[in-house]
Each structure stands twice: as structure tokens, then as C-alpha cells.
Amino acid sequence: MISILGRNVAQLSGIGKEELSTGGTQRSLLVAFLLLLWFMDANAQVPAAAAVIDTVEFKKLSLSGYPYVFYSPETEFALGGALVGTYRETEAPELKPSNVTLSGYYSVKHQYDLYLVPEIFFAGGKYYLTGFLDFARMVDKFWGIGNSTPDIPDAGHIRTYFALNVDFEFEIGEGLRLGANYDLNKTDVTDKQNTPYP
């Protein structure tokens, strides 16, 4: 026997048991089908919520920034910030936006780091330019090389460095890119401090 919500169809439609046994099965199936359509139609008639209007405006260029504070054994306390610029060529969601991030910090040990990272897409993503530009002054430690290095309690030294990386890629086929990369790193030890090595 067919049951709906714990009640059989015969009870819902007023059909007696004798009718079911004498050919009322077809009528019961028809009533069950009509009840099913009625439930589906009743659920379909629930008024929909008002259409939500997208209030996000398309901007070709947007800027955002944030400050940060951190601590590490090498830098001790440091204060910094970052600025992120985003450029969208079109409103098409499948196209990646171009970004440029500039960040930097200054620490209580007079260390600093300025870091620029562009990610630029051209011609609808067919060409891609990225890399980084980094200029920093760091207090580093160097104990020497090998097992015979003497134990030095404070082997700090100050170094400044300039690093440049440029990566250019272009699409030559579906999911296949070809590119070139240039990497430059210039490091100078500006103060040996207590490090006995030249």
C-alpha cells in the first residue's frame, strides 16, 4: 500500500480496503500522483525573496593598504605596512587582475626592507610580467664554514642588498607558456661587527 507522511493513500482519498482489493489500485495511484503534484505546486508557489541587486561597482583601479607589527629574533620589534594596487582591464571575471604590491618595514635594530612585487597581465592574459625589487639592510649572523669553525657567541654583521627579478611569459598555446627570467642580487657586508672573518 502507498503511504504519504505515515498515512496510506486509501485513508487520504476515502477509499475503503475492499475497493483497493477490487481494482481501486489505479484510483489510489492517480490520487497519490495528484497529491504529489499538489505538494510540488504548493512549494513552487512560495513567494520568492526580492531579487538581490549587486551593489559592487566595477573599478578599473583599486588601492588598499594595511599596517603590521611583528617580532622575530633577527629583527626584534618591527613596524611596517603594505599597499596593494589592483588593475582590471575589463569586467570579465575569467581574466586575472594585475596587481602591484609595495611593502616595507623598519625594526628597532635599524633594519629595513622595501619590497615591490608587480604581477601584470597584458592583452587579456596572453602576456604576463612579474618579478620583484628588494632593497634591504639586515643584521645577520655568520659563524663560518665547516666543522673546525670556532664557537663565537655573537657573530653578527650588517649587510645591505639589492635584488631584482624580472620574469616575462607569453602564451604560445592552450595552457602552454614560454618566457625569460632575469635575476640580479648584489650583497655588501657594510659592517663586520664581531665576526672575525674577512
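**Terms and values in a predicted model**

Trainee: Ala123 is found in the loop between β6 and β7. How are the strands and helices in this numbering defined?

Mentor: They are DSSP runs, numbered from the N terminus: a helix is H or I with at least four residues, and a strand is E with at least two. The protein chain comes to three helices and nine strands, in the order β-β-α-α-α-β-β-β-β-β-β-β from the N terminus on. The model is predicted: local features need pLDDT of at least 70 and side-chain atom pairs count only at pLDDT 80 or more, while totals for chains, interfaces and linings use all residues. Residues are numbered from 1 along each chain as its sequence is written, and side-chain values use heavy atoms, with hydrogens and water left out.

Trainee: Why does His110 count as partly exposed?

Mentor: The relative accessibility of His110 is 49%. Buried means under 20% relative accessible area, exposed means over 50%, and partly exposed lies in between (1.4 Å probe, protein chains only), so His110 is partly exposed.

Trainee: Why does Ser72 count as buried?

Mentor: Ser72 has 16% relative accessibility and therefore counts as buried. Ser72 belongs to strand β3 (residues 61–72). In the protein chain of 198 residues, buried residues make up 23%.

Trainee: What makes the link between the side chains of Ser72 and Thr75 a polar contact?

Mentor: The distance is 2.7 Å. A polar contact is a pair of N or O atoms within 3.5 Å; within protein, one must be able to donate a hydrogen and the other to accept it, and residues adjacent in sequence count only if both atoms are side-chain atoms. The pair of Ser72 and Thr75 is such a contact.

Trainee: How many aromatic pairs does a search of the whole structure find?

Mentor: The search finds nine. One of them, Tyr127 with Phe168, has ring centres 6.2 Å apart and planes at 10°, so it is stacked. The pair ties together parts 41 residues apart in sequence, because Tyr127 lies in strand β7 (residues 127–141) and Phe168 in strand β8 (residues 156–173). By definition, rings of Phe, Tyr and Trp (its six-membered ring) pair if their centres lie within 6.5 Å; planes under 30 degrees apart are stacked, over 60 edge-to-face and the rest tilted. Tyr127 is partly exposed at 32%, and Phe168 is partly exposed at 34%. Tyr66, Tyr68, Phe70 and Tyr105 form one aromatic cluster.

Trainee: What makes the meeting of Asp188 and Lys186 a salt bridge?

Mentor: Their side chains meet at 2.7 Å, N to O. A salt bridge needs a side-chain nitrogen of Lys or Arg within 4 Å of a carboxyl oxygen of Asp or Glu, and Asp188 with Lys186 qualifies. A search of the whole structure finds one salt bridge. Asp188 is partly exposed at 34% relative accessibility, as is Lys186 at 47%.
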